[in-house]
Amino acid sequence: MLPATALALGLLAALLAWPVPAALSRASWPQRDPLAALVCWQAIGLAGGLSIIGALLTHGLAPWGHSLPEAWWHWVTRQPPEEPVRGDHWVAQTLAAVLAVELLGVLLLSLLRTARTRRRHRALLELVVQPAAAGEDTRLLDHPAPVAFCIPGARPLLVLSSGMVAELDVAQVDAVVAHERAHLTEHHHLLLLPFVAWRAALPVLPAADRAHDAVRDLVEMRADDVALGSLTGPDRRRTLAAAIVAVAAGAGGQLPDGALAVIGGAVAVRVRRLLAPAAPLPVAARVVALACALALLLVPTLLLVLPALV
Amino acid sequence: MNTLGDLERAVLEHLWAVGAPVSATQLRDSFADRGLALTTVHTVLSRLEQKGFVDHDDARPRQFRARGSREEHVAELMHEVLGQAGDRQAALARFVGSVGDDEVRMLRELLAGAGDDAAAR
């Protein structure tokens, strides 16, 4: 039973390491339903890690039993293997351990590092800037460039620059604030964090890069959608699009040309889908996408556990 | 209100305004209207020091002064926000990321084009 399981998990891991992320990042439907696409990316990340570590572990522990839970128990309780242990078993075990430690370790490190950066930024903002009239969690920073950002966490802060307030009209500033509030209420930083960490952990894997960029752009689109829902006014889409362009133009020029892929950059995609929105994804398609995400998580889990039950 | 956060801000503002090293007792006297105990002043100062906003020298009594002006701290923060890379991207969510001049030009055309369409209809 074990070799077949290892093979199936390895195949799944290979699919999730290359063709699946490539296809999803090229697909056009995520723009029409960023939330469902974000769920899919989370499932791809989790299932990818689970299947590659599961495949290595299943192969590495094969001499100890016929299913992973059983083999794992025999290995932990130091029972003698039922079959001779070859070198490739040791290699697979070691790789599984290294990969698990690296993925979880980098995630933890990334978590600590961002928490420290946030704490430093929050301390600085709370000391240096008076609370704005708009609310206790809003700060107006004295700076000419139009910039808005939020610092997520238990005590979130929403920061606008004086340049932003000066250059944008009231409706546009409202749109910016609604966008940033959407990031905070939906905890988008938690959706992005694992992909930041795994991109750092797996620099050789193009899919890690691709997944990170896709998730980063999708949370922005999702925040745009949520912001539109909370805005009132005659032309909310145009207001938000104009705010995005104004901020990009005001803060632009810090990057040398060619530092980013210019045509079809993430900001242009956001503006385009605001000005010329595609029809939202049909409910059936959304259900299919979510079912695929669920299946991605269930398949490796069942492959690992099921042999123990039958 | 005399919460620690407010006191830290008030003490730092005071140090910025004075612009010269100040001892803890002098600080307590400057804030006589708040009725602070000397231990409170020391607590506030050590918290500010931990956060990197205040320095002290080894004179007796110790003299405290602000590390960097308000403008320098804001500039440092903005430098990080505008030039964020790698892990920093996860630390805060910026409304619009950095774009190049070419992309700005294209964005303006997009917005103008959509406006023409709306006007033509």
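**Entry 1: strand S2(A)**

I started with S2(A) and strand S3 (residues 157-161) of chain A, which pair in the antiparallel sense over four bridges. I note that this is a predicted model. Opposite Ala148(A) I found Leu160(A) of S3(A). I then looked at the hairpin these two strands form: five residues lie between the strands, and Gly153(A) takes a positive phi near 140°.

Next I checked the side chains of S2(A), residues 148-151. Ala148(A) and Cys150(A) point one way, Phe149(A) and Ile151(A) the other way. I found all of them buried. In a regular strand the side chains alternate between the two faces of the sheet.

**Entry 2: across to chain B**

I followed S2(A) to chain B. It pairs there with strand S4 (residues 93-94) of chain B, in the antiparallel sense, over two bridges. Cys150(A) has Ala93(B) as its bridge partner in S4(B). For the complex I noted an ipTM of 0.80 and a pTM of 0.88 from the predictor.

**Entry 3: confidence in chain B**

I looked up pLDDT for chain B: the mean is 82, and 86% of its residues reach 70 or more. Helix H3 (residues 38-50) of chain B is highest at 93, and helix H5 (residues 88-91) of chain B is lowest, at a mean of 59. Where pLDDT is low, the predicted coordinates should not be read in detail.

**Entry 4: helix H13(A)**

Where does H13(A) bend? I located a bend of about 40° at Leu303(A), in a helix covering residues 283-309. Pro307(A) follows within four residues. Both Leu303(A) and Pro307(A) are among the buried residues of H13(A). I also listed Ala289(A), Ala293(A), Leu296(A), Pro300(A) and Leu304(A) as buried. An α-helix has 3.6 residues a turn, so residues three or four places apart point the same way.

How values were computed. Residues are numbered from 1 along each chain as its sequence is written. Chains are lettered from A and ligands numbered from 1 in the order in which they are written. This is a predicted model: local features need pLDDT of at least 70, side-chain atom pairs count only at pLDDT 80 or more; totals for chains, interfaces and linings use all residues. The bend at a residue is the angle between axes fitted to the seven residues ending there and the seven starting there. A residue is buried if 20 or more other C-beta atoms lie within 10 Å of its own, exposed if 12 or fewer, and partly exposed in between; C-beta atoms are placed from the backbone. pLDDT is the predictor's confidence in each residue, from 0 to 100. Two strands pair if DSSP finds at least two bridges between them.
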